Amino acid sequence: QYGTYNYALAIAALFSPLVALGLKDIVIRDIVRKPEDKDELLGATFGLKFVGSLLALGLAIGIGAITQPDDALTRLLIAIMAGQFVFAALNETLDCWFQSQVQAKYTVWAKNIGALIIAIVKIGLILYKAPLIAFAWAALCQVFIFTIVLAAFHRTSQQRLAAWKLSFLRARSLLTNSWPLILSDVAIMIYLRIGQVMLGNMANKEALGLYSAATRLSELWYFIP
């Protein structure tokens, strides 16, 4: 079943560049250059990412329906995995703010809190032989916890989400600058995930499970280089 889980994860991940939109480095740079425009920059960034998250969610569900018309479990897993995009729109925007202030430690703390809580939950799910769908919900809850904790850190830093301003002109300017990075992110994600998608459609889920386990063990070391 690990193969089924990772097939759903790979399908959803293919559309994650629509949430990132290559905005991170550009937004951080612009906030550093013009801190007085931060609310407009963050508002435009969140607006773009939220629209992108809904588009990515819809496309992932659609591709799941096309590629797995007879597998209701896989389609549901894809929908749950892609549901993380909605929360990512907010937490990625908040991360831009913290990094622009050289306070990335808050993002790390928030991620680790979510990861620790859900790691304990997953151990419980394994011990009680929970169904596969429970692990997908756990992954979604991890992103939800991360987002809530990061928003709390943002609030304690004397910042307010309500102060963000949505500007169409600012959003268009950001997209004009970010489109080459979007193409780069798409290429990277296809490179990382296309093998799992192909195995899921051309071989069996057991083979994909073995491949995915090996890939995960390999990717653990990416942080070093």
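A salt bridge is a side-chain nitrogen of Lys or Arg within 4 Å of a carboxyl oxygen of Asp or Glu. In this predicted model, D37, E40 and R170 are linked in a network of such bridges. By this rule, the count comes to six salt bridges.

| Salt bridge | N to O distance |
|---|---|
| D39 and K38 | 3.1 Å |
| R170 and E40 | 2.9 Å |
| E92 and K49 | 2.9 Å |

E92 belongs to helix α6 (residues 84-100) and K49 to helix α4, so their bridge ties together parts 43 residues apart in sequence. E92 is partly exposed at 29% relative accessibility, whereas K49 is buried, with a relative accessible area of 2%. D39 and K38 are both buried too.

Now let's turn to helix α10. Which residues of α10 are buried? They are L208, G209, S212 and T215. These residues cover an arc of only 130 degrees around the axis, which means they lie on the same side of α10. Among the elements covering them are α1 (2-13) and α9 (168-202). On the other side of α10, you will find E206, L210 and L217 exposed.

At the start of α10, a side-chain oxygen of N204 comes to within 3.1 Å of the backbone nitrogen of E206. The 15 residues of this helix (residues 205-219) should span 21 Å at 1.5 Å a residue, and the end C-alpha atoms of α10 are 20 Å apart, which agrees.

Technical notes:
Residues are numbered from 1 along each chain as its sequence is written. This is a predicted model: local features need pLDDT of at least 70, side-chain atom pairs count only at pLDDT 80 or more; totals for chains, interfaces and linings use all residues. Side-chain values use heavy atoms; hydrogens and water are left out. Helices (H or I, at least four residues) and strands (E, at least two) are DSSP runs, numbered from the N terminus. The expected span of a helix is 1.5 Å times one less than its number of residues. Buried means under 20% relative accessible area, exposed over 50%, partly exposed in between (1.4 Å probe, protein chains only). The arc is that of the directions from the helix axis to the C-beta atoms. Contact means heavy atoms within 4.5 Å. A polar contact is a pair of N or O atoms within 3.5 Å; within protein, one must be able to donate a hydrogen and the other to accept it, and residues adjacent in sequence count only if both atoms are side-chain atoms.
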